[in-house]
Amino acid sequence: MPARFDFQGRKVVLTGAARGIGLELTRLLVPRGARIVAVGRGDGALQALRDEFPGKVDTRAANLSQARDIADLVDWMAVDHRDCSALINNAAVMNHGMLTGMSDTRLQDIATEIATNLTAPLKLAAAMLPLLSARGSALIANVTTGLAIAPKRDAAVYCATKAGLRSFTRSLRDQCRHAGLPIQVSEVVMTLVDTTLSSDAPRKYPPGRAASDMLRGLENGLDEVWIEKTRLLRIVHRLSPNLAYRIMRGR
Ligand SMILES: NC(=O)c1ccc[n+]([C@@H]2O[C@H](COP(=O)([O-])OP(=O)(O)OC[C@H]3O[C@@H](n4cnc5c(N)ncnc54)[C@H](OP(=O)(O)O)[C@@H]3O)[C@@H](O)[C@H]2O)c1
């Protein structure tokens, strides 16, 4: 049985906290007794979070596609938030389009997508390991997607970043166990959720339920938290990777 992770009394660094699934996570974590260090780009959205949860949320405006912002965030954490014991890498961006018809201007979009979705969570996890290791128990949770298992055609970069994050999460978990560190390293394999990130599709999962399922899995100490339909994808992929690829590629 994996050890349970209790959010009560925790300080949680949450990227992408002001919108979508991250906002729902904030709304569920605060009543659980957690204090949130909310990271996002928009000062207005972060201010709205502080207004919604007076005294429960600290905020930091940071563009995670920028190396300087990540370095500043890490320095600020080391001084002002040494007592944090959980990092949830939730922020991401998803660009759609076919590389086959790409113009030069799209190269910057590729760099931004890789920096936000892959470089930033890797850097934050690595930089925060010393802080988290100093706690009696701690958590690093990385949000990926079913598209990390089987990619779709028109979001090649996004899928590649999430597959990379999935691989990193597994290695980091192994490293923490090997080093005997008291850090639970979990991957949350997210389903299609009704936020601005996902494409127009019928029957998208409500963000509040996605956040709730995610927290339950993390609290249960799971290495991998499979949300809604991704559980079926996992089985299909085990039985027939090619069938899973065929199902997902046109999504
Ligand atoms: N929605 C889905 O169908 C779906 C499916 C599978 C996986 N996921 C994953 O679930 C997670 C949450 O996505 P969501 O659906 O909640 O998306 P969302 O509503 O679009 O929210 C994305 C969040 O990421 C933050 N973000 C994006 N670029 C950023 C940057 N450069 N710097 C700092 N923050 C940045 C945004 O913050 P600001 O704009 O406030 O700065 C926002 O809070 C992501 O990891 C996503 O890949 C979502």
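## Before you start

What you have here is a predicted model: local features need pLDDT of at least 70, side-chain atom pairs count only at pLDDT 80 or more, and totals for chains, interfaces and linings use all residues. Residue numbers start from 1 along each chain as its sequence is written.

## The overall picture

The chain has eight helices and seven strands; these are DSSP runs numbered from the N terminus, with helices being H or I of at least four residues and strands being E of at least two. The radius of gyration of the chain is 17 Å, close to the 18 Å that the globule rule gives for 251 residues, so the chain is as compact as a globular protein of that length. (That radius is taken over C-alpha atoms, and the rule is 2.2 Å times the number of residues to the power 0.38.) Along the principal axes, the C-alpha trace spans about 45 × 45 × 35 Å.

As for burial, 40% of the 251 residues count as buried. The cut-offs: a residue is buried if 20 or more other C-beta atoms lie within 10 Å of its own, exposed if 12 or fewer, and partly exposed in between, with C-beta atoms placed from the backbone. Take the contacts between residues at least 6 apart in sequence, and 66% of them join residues at least 24 apart. Here a contact is two residues whose C-beta atoms, placed from the backbone, lie within 7 Å.

## Strands side by side

Let's start with strand β2 (residues 35-40), where five of the six residues are buried. Strand β1 (residues 11-15) pairs with β2 in the parallel sense over five bridges; two strands pair if DSSP finds at least two bridges between them. Within that pairing, Leu14 sits opposite Ala38, and Thr15 faces Val39. To get from β1 to β2 the chain goes through helix α1 (residues 20-29), in a right-handed β-α-β crossover. Right-handed means that, with the strands pointing away from the viewer, the path from the first strand over the helix to the second runs clockwise.

On to the next pair: β2 and strand β3 (residues 57-61) are parallel too, with five bridges, and Val39 is opposite Arg60 there.

Back at β1, four of the five residues are buried. β1 also runs parallel to strand β4 (residues 86-89), joined by three bridges, and Val13 has Leu87 as its bridge partner in β4.

## Around the ligand

There are 29 residues around the ligand, and Gly16, Gly20, Arg41, Leu197 and Ser198 come nearest; a residue counts as near if its C-beta atom, placed from the backbone, lies within 6 Å. Helix α1 gives the most to this shell, with three residues.

The shell divides into 13 nonpolar, 14 polar and two charged residues. In that scheme Ala, Val, Leu, Ile, Met, Phe, Trp, Tyr, Cys and Pro are nonpolar, Asp, Glu, Lys and Arg are charged, and the others, Gly among them, are polar.

## A look at Val143

Val143 belongs to strand β5. This valine is buried, because 28 other C-beta atoms lie within 10 Å. Leaving out residues up to four places away in sequence, Val143 touches Asn89, Asn90, Val188 and Met190.
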